[in-house]
Amino acid sequence: MSLKQKPDELFKTIDFKPPKKHWMDTTVDFEKRGSYNYAGSPDSVAYINQPNPRKWQPYEEDWKLPDNWQEIILEGLRERIKKFRSLQLFMDICVRCGACADKCHFFIGSGDPKNMPVLRAELLRSVYRKEFTKAGKLMGKMVGAQELTFDVLKQWFYYFYQCTQCRRCSVFCPYGIDTAEITFLARELMNLIGINIDWVMTPAANCHRTGNHLGIQPHGFVDSLEFARDDLEDITGIRVDLPINKKGAEILFITPSADYFGEPHYFTLLGYLALFHELQLDYTWSTYASEGGNFGSFVSHEVMKALNAKFYAEAKRLGVKWILGGECGHMWRVIHQYMNTLNGPPDFLEIPKSPITGTVFENAKSAKMVHISEFTADLIKHKKIKLDPSRNDHWHATFHDSCNPARGMGLLEEPRYIIKNVMNNFTEMPDSCIREQTFCCGSGAGLGTEENLEMRMRGGMPRGNAVKYVRDNNGVNILLCMCAIDKATLPGVVDYWSPGVEVGGVHEMVGNALIMTGEKERETDLRNQPLLKPDTLEKVQGNEGKEGK
Amino acid sequence: MGLLFSIIAIAVLIILAIAGAAIPGLHPVFTVALPYLAIAIFIVGVIVRVLKWAKSPVPFRITTTSGQEKSLPWIKQNKLDNPSSSLGVIGRMALEVLFFRSLFRNTKAELKEGTKIAYGETKWLWAFGLLFHWSFLIVFLRHFRFFADPIPFFVKYLETLDGFFQIGVPIVYLTGIGLLVALTYLFLRRIFDAKVKYISLASDYFPLLLLIAIATTGIIMRYYVKTDLVAIKQVAVGILSFHPITPAETISPWFYIHFFLVNVLLIYFPMSKLMHMGGVFLSPTRNLANNNRMAYHENPWINDENYFKLHRHTYEEYEDEFRVLMKGAGLPLEKEVVNQPAKDGTEKEDK
Ligand code: HEM
Ligand code: SF4
Ligand code: SF4
C-alpha cells in the first residue's frame, strides 16, 4: 500500500489558514477518495442487530435513510444528554478559545478546519443549539446553530470518522472537553439510522460470533498458536506449552487477535509464549474470548458492552483467578475505564497476585485485570527473569505511547522500564510527542483501511515526523509500541514519513532478551534476523534509514 | 458577521443606558427594577443550569490522564495530573481553576522547511487568560467598598496590594489596567488569529466586548470624570439591603452605562458560555480520580434494556456452532458432540 503523492507533495498541501467561507457553508466531497471509509456491510450490521442494515456507500446520492431519520437522531440526542453528563456539559461550556485547535493530528496533517477538535465538536453542538437552546432557535447561525440537514449528516459521517478518539485535545482543553467522547456519541447517534463503517461493523460482528475481530474459528486459533510454537522452537530450541480453554488455570490471558496473525504483532506473541513458558505460568488462552480489542467501542456503548462481556464470562467459566491482558491500546481504554462498570464487578475473581513475585496488584483490585507491562515490569524489578539486552543490540529503539494507555490510563513508565532493561539503545522522541502528549498513529478507532489511506498518512504525519527526527539525529531504527492497531498501521506511516525504521512490540524485545532455561544458543532474534555477534559488534546505529526512497 | 452583530448590540445597549440616564423618570427602572430582575435571573439561571448538568449522571469514569498512573509501588505516580484519590482530585481541580493547568500546556504547531513540523511553547493565551480572570475577581471583590457598609476588611488589603506601586492620583489599581489589557488581548486574538477567528461566534465576541465596555466605563469614572461615589453607594447599599432609594441627580451618565452593562452581564451569564465557571467543576474528565481498576464505578442506567439491546453471544451458543471443529482441534468441550454432527447453527437449543 502506498500513496501516489510523495511525502513532500502531501506536506505542501497543508495550510493552517482557514478558508474565507464560513464553516457552515462548506461541505464534503465524497467524489475525492482516500479520506473516508466505506459503509458497514448489511450482513455484519444485521448480525449484531444494529439498525437499518442495507447496501449503501457514502459516495452515493441516496444513503437509504429511514424517512424520519432526523427525528431518530434528535430523539437519540435528547436521550444521551440525559444519560451522559459529559455530553450535556461539553455541549454547553466550550468557550472556543482554540487551545485544542492545532493539537489534533488530523488538523496538523490536513489543515482542514473541521479537523480542529473544537469545530468537529461544533458540528454536533450546532445541531444541539438549534434544537435544545432558545438562543439557537432564535438566532441561528449567528450563535452557531444549524439544522440537521442531510448535508450536515454527511459532514458528521466524514468528520466523526476522521477522529481517532485519541483524546489529545482533551489534555489541552482548560475544561477537559473530550472530543473523543463527543465523537463516540456522535457515532452512536449515526448508528441509530444505520450510518457506520465496515471496518468497524465487520470486525465487531466477527467478534460477536467467533470471539475475535478477524473471524478466526477455534481450530484456526489453535493452528496459529501451534504454528507460533514451532517457530519459537526453531529459534530457541524450546517447545512451549499451549494451554487453550483450560479450566482451572490460574490466569486467563487475553490479547488482540492481530497478535496471532499480523506482522509485526506476531513477534510479540512469540515473546509472550517464551515468557510464560519460562515462568512456568499456570495460564490459559481462550478461543471464545480470543480478542482483547473492542471495535464495538468505535460505534456504540451497546456493542462495546456485548463484546466486552466475554472477558468476565469466560473467566468465570474457566474458573481462573484473574485476567492478564496483552499489548493493545483501545483494548485497555475499555478494560480500564469501562469494563468493570459495564460488566462487573467480577466478585468471583481474586485480587490479582503475581504467582512469581507475590506482588499484589492493588491497582487492579476491583477490575481484576492486569496489563502485561505491569506484570513484566514487576518481574524485572524482582529479578525473576534473566535477560541479555545485548541480543537487541541490532536495534536502536524509540517508544510510541499509544493514545489510550497514555491518556485513558497513564501507563507510561512500565513499558519504558521494561525497554531499558531488555535493550541497550533507547532514545525518546521530543517531549511534545510522547507520554500524555503522544501523537496518534492516525488510524485508530476503526479508520485503518486502504480506502482511507490519504487521511491516515496525513493523521500519521506528526508521529512520522517525530520518528524521523530521532532516526536522523540518533540512529533510531525501530519504533516500539504496545498496541495492535499501531503495529498494523505504523509500518505504513513510518515507511511513508520516515523510511528505514521498523515497528515492533515491547514483548518482542523481551522475548529477544529473555534467557530461557535450556535454550540453544540464539542465532537470530524473533524475526529470524541474525543477531550481532560481540566480535562484529560495531556501531550500526546511524546508518539505517539513509537510503529512503 | 458575529463581530459586527456584537458591536451593534453593545452600541444599542450603551445608547439605551444613555437614554436612561437622560430621562430622570426612568432612573428607578435602571437602578431599582432592573438590578433586582438581573440578580434574580442570575441566581436562578445559574442554579437551574448547574442542576440540569448535575441531573445527568456520570455513567463512566472517563478521566483524562495526563501523567503516570498509580500502579506498582516503586513507580512514581504523578498525583496531580493523574490523581487516584479524592485529595489528588482536589489538587488537580485547584490547579485547573486557579491556574489553568491544562491551558499552561499549550503549544503551537508550525510547519517548517521540508516536511518538518515544530511544536513551540506558547503561553500567551494562558498568561492573558489568567490575568483577565484574576483581575476580574479582584476588581469584583474591591467593589464591595460600594456594596457593603462597613467596608469589609479584605477590601483594604486588596486595595493596598493592588495599588502597591502608588502611581498617580488617584492611585492606579493594577488589576483595573490588567483587566482591560487582558480583555483587549483576548479580543484582538479573536480577530487576528485566523484559526480563532474562524471558530468565533457572536456569542464569543459579545461577552468580551461587554466586559471591555464595563471595564472601560469603570476606569473612566475612576480616573477621568468625577462621579458622586457617595450617592452611588447609597444606591448599591439600598438595593442589597432591600431598601432601594431614588438615586440622586448628581450621578454621572457614565455610571448608568457601567451599571446597566453589569446588569446585562448578569442576565446574559446563565444562558451563555460564561457558565464555564460552573461547568469546569463538573467536567468528568477532570474531576474524577483515575482509580478505575481499583474501585467499582456504578452506572445508574446499566440495566436499561432499551439502550443495551445487544446481548453477549454466550459460550454455549459459540460451542454449539463450533463444537465439531473444536473437537477436531482437540479443545475441551462443555457438551459432547452428538453422533450426527449438527449442521452449523441448525440444532441450537432455544433459550
Ligand atoms: C471558576 C471560575 C472560572 C474559571 C476557572 C475560568 C476559566 C476560563 C478559562 C480557562 C478560559 C479560557 C482561556 C481564556 O480565554 O482566558 C476562560 C475564558 C473566558 N472566561 Fe472564564 N473562568 C471562570 C470564570 C469566569 C467569569 C466569572 C467570567 C465573566 C464574568 C469569565 C469570562 C470569560 C470569558 C469572557 C472568556 C473567553 C475569553 C475569550 O473569548 O477569549 N470567566 N475562562
Ligand atoms: S480547548 Fe476546550 S474550550 Fe477551548 S475551544 Fe477547544 S474544546 Fe473549546
Ligand atoms: S480525539 Fe484526537 S482525533 Fe479526535 S479530535 Fe481530539 S485530537 Fe483529534
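This dialogue covers salt bridges in a predicted model.

User: What conventions apply to the model?

Analyst: Residues are numbered from 1 along each chain as its sequence is written, and chains are lettered from A in the order in which they are written. In this predicted model, local features need pLDDT of at least 70 and side-chain atom pairs count only at pLDDT 80 or more, while totals for chains use all residues; side-chain values use heavy atoms, with hydrogens and water left out.

User: How many salt bridges does the structure hold over all chains?

Analyst: A salt bridge is a side-chain nitrogen of Lys or Arg within 4 Å of a carboxyl oxygen of Asp or Glu. Over all chains there are 48.

User: Where do A:R209 and B:E321 lie?

Analyst: Helices are DSSP runs (H or I, at least four residues), numbered from the N terminus. The side chains of A:R209 and B:E321 form a salt bridge at 2.5 Å, N to O. A:R209 lies in helix α11 (residues 198-210) of chain A and B:E321 in helix α14 (residues 315-328) of chain B, so the pair joins two chains.

User: Is B:E321 buried or exposed?

Analyst: Buried means under 20% relative accessible area, exposed over 50%, and partly exposed in between (1.4 Å probe, protein chains only). B:E321 is buried at 11%, whereas A:R209 is partly exposed at 25%.
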